[in-house]
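Welcome! Have a look at the sequence and the structure below, then follow the notes on rings, charges and a helix.

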Amino acid sequence: MTILLIGILVSIIIFLLIYNISIHKKIQQFNNLNRQANNLRVLQDFLSTIGECSSVDEKIKKINDILIEKYEIKYSTIVVFDGAEYQVKASNVDPKHWETLKKLQDVPIFKDSVATATPKYVTVNNDSERLPYQEMEFGRAKSAIFFPIYIENVYIGYWIIESGVPHDFDNIDTNIFEVVKENIVSVLRTVVHQRTLEAIVRKDLFTGLYSEEYLYTEGKKIIDKYTTSAVCMFRITNIEEINEKYSRKLGNQVIIDVSNFVKNNLSKEYLFIRYMGPKFAIVFSGVDTDSVTGFITDVKNELEKTLISLPTNKEVEEIPLEQIDRKTKKKKEPIQPKVAPKLNFVLTTYYKGTGMEEVLKKLEQYIDNADKSENDITCI
């Protein structure tokens, strides 16, 4: 009887052990799934940030705020090399410590981390000690993890998280933060391209209009307030003829007068840019193509019956004899050629979340492949 009871107890114990192991594995699986779900939510927040914020710096600051909130990090700092020097792009640390934080790549303890592209964990054992990179501070941070950031094998900066508690990161799963770091890299890769665009946005010398890059940066903030917008591109089709038959100066004057007319008759909420050469683009934010056809028709009709000439310079100190009329004794006014621009318009719809550059490319291809004599308004 005793042996039977012992056998039953042993069986129960074995069953409980197996059951506990099974439960433990399920808990681990659940935790892994929970972490993956959390990482996915963070990534979704990152992606939303890319779309919502306009400037590169705003995006990086928002990303850092998300990290602090979602992962309950005491201090988080993102430092990026801007081509000239390392800059603190986002941090919740008091700015008086930023000079130290943007020089961490030069600290000996982190140099191996940068060279091997691996994270480095540092901590202290008691409150009287300080971390190796701290120069003037003692009480703020007592443990930290340094993550070097690479884009396509090029070192561009680092992300450092800090805690005011010694050994606070001893048992933390750094794999989670490696995933987070990769998400940061993905975002930075995107904003690096945007930074390049922001740097090359310029105003045209003749017309004072922004270049096309404006539509991908600041302009995008306005356009993406709406689900759809009408996008129009037009070309002055006889500009080459004007340049060759008369002069390039007259051609430039045509470009100036045409752009000024459109600009003066266009609502400020719409975006008007010089796309390239005699090609211009208008984005009618939040408006459908049918609603702008009337406006485009009016603009086209008015411009094509406008005669444009070079402005005359009446302030001449000395008048050559050959330019003086012998009968009236007055200066002969030179005959200025007058030309009327011919315009070809193409119109389409832009949908929020799609590539504006692809829309403009499609319009440009139509304009460029159209017959030179085409002088119309076309929807595609």
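In this predicted model, the aromatic pairs number 16, counting rings whose centres lie within 6.5 Å. The notes below start with two of these pairs, then turn to charged side chains and to one helix.

**Aromatic rings**

- Tyr86 and Tyr155 make a tilted pair, with 6.2 Å from centre to centre and 45 degrees between the planes.
- Tyr86 belongs to strand S2 (residues 86–91) and Tyr155 to strand S5 (residues 154–163), so this pair ties together parts that are 69 residues apart in sequence.
- Tyr86 is buried, at a relative accessible area of 18%, and Tyr155 is buried at 18% as well.
- Another tilted pair joins Phe146 and Tyr158, with 4.9 Å between the centres and 35 degrees between the planes.
- Phe146 is in strand S4 (residues 143–151) and Tyr158 in strand S5, so here the parts tied together are twelve residues apart in sequence.
- Both Phe146 and Tyr158 are buried.
- Ring pairs also build a cluster, whose members are Phe81, Tyr86, Phe110, Tyr133, Phe146, Tyr150, Tyr155 and Tyr158.

**Charges over rings**

- Arg140 lies over the face of Tyr75, 4.9 Å from the ring centre.
- Lys203 has its charged end over the ring of Tyr210, at 5.1 Å from the centre.

**Salt bridges**

- Side chains of opposite charge can pair when their charged atoms come close.
- How many salt bridges does the structure hold? There are eight.
- Arg140 forms one of them with Glu162, and their closest N and O atoms are 2.8 Å apart.
- Arg140 sits in the loop between strand S3 (120–123) and S4, while Glu162 is in strand S5, so the bridge ties together parts that are 22 residues apart in sequence.
- Arg140 is buried at 11% relative accessibility, and Glu162 is buried at 0%.
- Glu304 and Lys300 form a salt bridge, with 2.8 Å between the closest N and O atoms; both lie in helix H9 (residues 289–304), four residues apart, or about one turn of the helix.
- Is Lys300 buried or exposed? Lys300 is buried, at 7%, whereas Glu304 is partly exposed, at 22%.
- Lys279, Glu364 and Asp368 are linked in a salt-bridge network.

**Helix H10**

- Helix H10 (residues 356–369) has 14 residues and spans 20 Å from first to last C-alpha, close to the 20 Å expected.
- Its buried residues are Met356, Val359, Leu360, Leu363, Glu364 and Ile367.
- These residues cover an arc of only 130 degrees around the axis, so they are on the same side of H10.
- The buried residues of H10 pack against several elements, including helix H6 (218–223) and strand S9 (343–351).

Methods
Residues numbered from 1 in each chain as written. Predicted model: local features only at pLDDT ≥ 70, side-chain atom pairs only at ≥ 80, totals over all residues. Heavy atoms only, no water. Phe/Tyr/Trp six-rings, centres within 6.5 Å; stacked < 30°, edge-to-face > 60°. Helix = DSSP H or I, 4+ residues; strand = E, 2+ residues; numbered from the N terminus. Buried < 20%, exposed > 50% of the residue type's maximum accessible area, 1.4 Å probe, protein only. Lys NZ or Arg CZ within 6 Å of the ring centre and 35° of its normal. Expected span 1.5 Å × (residues − 1). Arc of directions from axis to C-beta. Contact = heavy atoms within 4.5 Å. Salt bridge = Lys/Arg side-chain N within 4 Å of Asp/Glu carboxyl O.
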